[in-house]
Structure formats: structure tokens, C-alpha cells
Amino acid sequence: MIVRSLKNCLFHLKQQKRGTRRWIVSVAILQVLTVLVFFHSSTSVSRNSLSRQKLSVYSDGIETSTNPSPSVGFNENLIVSLAEDETLHFQPVGIAPFCYVEGTDVEATLSTNSSKSWHRTISKKYHRWPLKPRKVPRRIIHGLNINHETDFFRVRLEELKDAVDVYIVCESNYTAHGDAKPLYLMEKLRSGFVENFHSKIVHVSLHKFPPEGRKNGWYIDMYLRTYMGTHGLNRIRGVRSDDLFVLLDADEIPTREVLMFLKLYDGYPEPVRLAMRWSVFGFFWKRKKEKQTGFILDWLRDAMKEDSENDNEDLLQVTAVSTMNLVWKVCRNNTFLIRKDMTNYADFQERLSQYRIEGNRVTPWTAGTKHHYAGYHCSWCYSPEGIRTKLLSAHADDKPRWGDFAEKLDIAYISRLIREGEWFDATHPFLMADWEKEDQYAPKFMLQHYREFSQLLYPPDMTNVLYSSNSHNRDSQ
């Protein structure tokens, strides 16, 4: 419009005699219109320039933004380049040359000439190994598959913080049984869930269900883990052979202390098993160790133990950690094989022999003991409706598949199981935990936010709240 007016003014200016009143007025109007045109074009350029600064540029899925403010939304195609950890993790204190900064009481160390920390304890336990602090920490890639355990995923992120450098999270829009379902985690990530951790979350979406999974339930278990590792690792740059891959289920949360030890030390063999506190329905129920029958030595050992319920506590031990070197050379990039303890399989002996010849130490060992756990396995720790979802999601060969029995899906029935510590087969294989006496009762983040997680931390009678889809845990929502 301004340009059209300017053209009209020029036309009329040509029709007037120079120096007349109409000519002078036309010149004045022309000057005003020229200023308006300049201002309009400058404003437009500034707006376009500002828009270009705010827009994020995507190249091969890598987000590079010139805008220093936090990005909005979740980058579903994120590619992560691993960075080096330049934090000072060790320092000399007194006569001790290498004290773990985070776990050392400097004043106490100077007074006793000793450095007591979790790292020192594990070093002493495995003193036969040539353990030594690393100058450059390893990076940890943590892979897991997720169904509807979104709250536990948040706990994992907050609990482990800087111990994990990148997460590969595989989520399918099918259950392990082959039924269609929403991408629960992706929907929440898009709306800003755990936004502070978005830069280290590689989300792998799986939009198909293999036909073999309907015939063989264990095939889908293998397929999900393999797909996660194959597609997730392709989106991580700068991986070194001595970096670590940690493979766990969504209900298995390692302790930060164990992961930091594995990051900061050289000298231990691989793969690494994690011995975890095994809870069911909530942290107030612990899995009871099954009694061994038919072995006189087992009977004598049990008889000599102190008569205490705590001695009957069972632990979950899972082979979960290996170097990327082992993933590449022995597992051939199939991360699923980390859980299979390949050292006992004939198919892998040739690869393992070559791997050992190259100077790598392969001896499975276990981090963590009773009351000094390497992590937390909280199985079936959902609301009654969340447990119902898990029952229906189980694959076909997970026998007995309790979700096939209609009476087991009743919310009131599930609530009673949680309250009384009863399993679906009417047995009582659990011990009531003493939350006041246990140092490692539950992940620290959950204990710090006990009101939010009270229905998982404390028995129903203590909280005096009836279990319902709205009162126990939000994982099913």
C-alpha cells in the first residue's frame, strides 16, 4: 500500500510545475512516504533476522540452535556426541594419594590417615585386582525398554544424574503380547516431561510387531532389546571401546555409587553382574529366598545361620554391564547378549578366546551384596491398575500368564495382594521390610520425595490410604 502511494505521488509530481505550491506539497509527501518505506523494510528485515535466530536448524537429526534459551519440545531424532568428563574426581588427602572427592570426609581422613568411601570398600573387597583410578572417566550408555513405567524412568534420571552420559530408551506402540498401545513416554516427553534431561535421551520408537513374537513370546523379549541397541547406538557419536554399556529393565535402577566406580576405575574384568534389592508391589515387601531341599550341605548352612528373617532375603542378580569393546567384538553389536552371560555358551567361546588373546579380561563378577545393594529391582510396583496393565502386556510364553485369568484382573483382588503380600498363586513369598532400619531401603530420590511416592515406600496400613488408580502411583496413567 505504501509503495502504491509512493508511485502515485511521483506521477502527480511530474504533472506539477517546479516551485509551485502543489509541487512543494508533493515533495513533502514524497519524503514522508520514503521514510515510511524505509522503516517498513527495516522492521521486516529485523523480524526475519530474529526469526532465523530463534529457529533450530536440523541436519541429520542433530539440533543446532543459535538461541541460548532452552529448546521447546522434544527432539525425537536426537543424535548425541559424547563429551569428556573434565571433573576432578580424585585428590590427595594426607598420605592417601587418590581420595574420591565426592565420598571422602577430608577432615576425618587427615585425622585417621585413611579414606573410607564406597570406592575404598569395593577396592578392598576385590584387592586381587590391579585397580587404579582413571585419568579420563569412561562414558556410560544406559539402554532400556519401557512399557508404561514413566515414573520409574524419572526416578532413574534423577537418581543417576551425571553418572549416565546418554540413555537409549526403546518404546513400542505394541505390548509384548502384541496389543496396540500408546507411546506413553513419548507423549509425556513431547509435553515437557523430564525436560532437563532431554539432551541425553535417545528415544527409539518401534512401530511394528514381528510375527514371530506371536508364536514365541521369548522372541519378542530378544527382539525389543536388540532393536533398542542397534538403532540407538547408531545415533551416538564418539564412542570409545572402553566406554560402558548398561542394559537393564525399566524396573531395575542401579545405584549411582556403583556406576561411578565403574566409570572411574580401571583393572576390573567384565561382564559385571549387579546384585539388587528385590522388592515386589512396593519397597515394603522383599522377595524371600526359596529354601533348598535335598542337599544336606544347604540344610547345615541354613541351620548355622542366625534365625532372622533378614537372612532369608533374596537378591536379583543380573548381568548388566560390559565395555563397548565386548559389545562390538563378542556380541557383534547385539546388546541383548549382555544379559545372557555369554561366557557359558558354546557359541561364543571362539570369540571370547580371541577377545582374551587381545588382552581383555573376561571373568563375570558381582557388584553388590545383601544390605549393600548395587541397585533396586522393584517388580510389579505400580498401582492396582498399573499391575493390571502389566498382566495384560505380558508376552504369550510368560507362564503362568496371570492376565489370562479374569479373576486376577480384578482391582479389588490386586489391592488385597499388595496389602497382604500374597502372590497370584496364593503363596506368600515375601518378607516385610523394616524401612526405619535399612540404609538402602529405596532410591534416594524417592525417599527425598516420600510424599509423592508414599504408596510405594510404605505399607498400606501405615499410609492409611486405600489403593486405587489415583492413590498409589501414576505409572498407569
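Which residues are buried in α5? T150, D151, F152, F153, R154, V155, R156, L157, E159 and L160 are. The views below come from a predicted model, in which local features need pLDDT of at least 70, side-chain atom pairs count only at pLDDT 80 or more, and totals for chains, interfaces and linings use all residues. Residues are numbered from 1 along each chain as its sequence is written, and side-chain values use heavy atoms, with hydrogens and water left out.

**View 1. Helix α5 is largely enclosed by the rest of the structure.** The helix spans residues 150-160, and ten of its eleven residues are buried. Buried means under 20% relative accessible area, exposed over 50%, and partly exposed in between (1.4 Å probe, protein chains only). Helices (H or I, at least four residues) and strands (E, at least two) are DSSP runs, numbered from the N terminus. Just after α5, K161 has a positive phi of about 45°.

**View 2. C378 and C381 form a disulfide.** A disulfide here is a pair of cysteine sulfur atoms within 2.5 Å. The two sulfur atoms lie 1.9 Å apart. The link is left-handed, with -75° about the S-S bond. A search of the whole structure finds one disulfide. C378 is buried at 2% relative accessible area, and C381 is buried at 0%.

**View 3. N360 sits in the loop between α12 (349-357) and β17 (362-367).** Its side chain makes a polar contact with the side chain of N325 (3.4 Å). A polar contact is a pair of N or O atoms within 3.5 Å; within protein, one must be able to donate a hydrogen and the other to accept it, and residues adjacent in sequence count only if both atoms are side-chain atoms. A polar atom of the N360 side chain also lies 2.9 Å from the backbone oxygen of Y355.

**View 4. The largest pocket has a volume of about 1,400 Å³.** Of its 49 lining residues, the closest to the centre are D221, D249, D251, K390 and D398. A pocket is an open set of points on a 1 Å grid over the protein atoms alone, where a 1.4 Å probe fits, with protein on both sides within 12 Å along at least five of seven lines; lining residues have an atom within 4 Å of a point. Grid points are joined across faces, edges and corners, and the volume is the space filled by probe spheres set on the points. Helix α8 gives the most to the lining, with five residues.
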